[in-house]
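Hello,

Please find the structure below. My notes on what was found in it follow.

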Amino acid sequence: MRRITTAATLALAFTASMTMPAIAADLSNGSGQSCAEGQTGVWHFVNNQTRGEGPGTITVVFDNAVIVQGATKVNRSNQHFTFEHVGGTLVDASTNLPGRLVLSDFTCTGDPKDPPPKK
């Protein structure tokens with residue numbers, strides 16, 4: 001009887017893990033990063049431990065914009081999100097994937113003393 005109960009418990013746990021929605025990953029490091037006015041920030045986020053999920057999306061909140069973008073690289077256990085954004089201070093970020101989201105790299109390009117490009 002004990003083996004049947006154990007087997008039933010394991011089967012139920014496996015079934016529940018297959019049907020439960022993935023928990024979103026919230027940014028675990030970084031906030032407040034920004035570039036000087038007129039500079040472009042290049043942002044590289046990595047979502048680790050994705051358990052082989054298909055391509056996800058990231059939502060990044062800046063003080064002046066919200067950006068939603070798909071993954072730029074998908075591996076078996078992680079996904080990368082790289083994009084550029086002019087100005088703004090990083091407030092928060094999250095994905096629709098399980099795992100751990102980190103700001104992997106952040107750089108600013110352009111001289112803040114140069115006038116912004118004409119449109």
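Two strands count as paired if DSSP finds at least two bridges between them. In this predicted model, β1 and β5 run antiparallel and are joined by nine bridges. Across from asparagine 47 stands glutamine 79, which lies in β5.

These two strands belong to an open sheet of four strands, in the order β4-β5-β1-β7, with antiparallel pairing. At the edges are β4 (73-74) and β7, each of which pairs on one side only.

As for the protein as a whole, it has one helix and seven strands. Read from the N terminus, the order of elements is α-β-β-β-β-β-β-β. Among contacts with a separation of 6 or more, 77% are between residues 24 or more positions apart.

Next, the interior. Of the 119 residues, 28% count as buried. The largest nonpolar core has 15 residues, and Phe45, Val60 and Leu90 have the most contacts inside it. Two or more residues each come from β1 (40-48), β2 (57-62), β5 (78-86), β6 (90-95) and β7 (100-109). The largest share, three residues, is from β2.

Which residues is valine 60 in contact with, leaving aside its neighbours within four places in sequence? They are Phe45, Ala65, Val66, Ile67, Phe83, Leu90, Asp92 and Ala93.

Last, the surface. The accessible surface of the protein comes to about 7800 Å², and 56% of it belongs to carbon and sulfur atoms.

Regards

How values were computed:
Residues numbered from 1 in each chain as written. Predicted model: local features only at pLDDT ≥ 70, side-chain atom pairs only at ≥ 80, totals over all residues. Heavy atoms only, no water. Core = buried A, V, L, I, M, F, W, Y, C linked by side-chain atoms within 4.5 Å. Buried < 20%, exposed > 50% of the residue type's maximum accessible area, 1.4 Å probe, protein only. Contact = heavy atoms within 4.5 Å. Areas by Shrake-Rupley, 256 points an atom, 1.4 Å probe, with all protein chains shown as cover.
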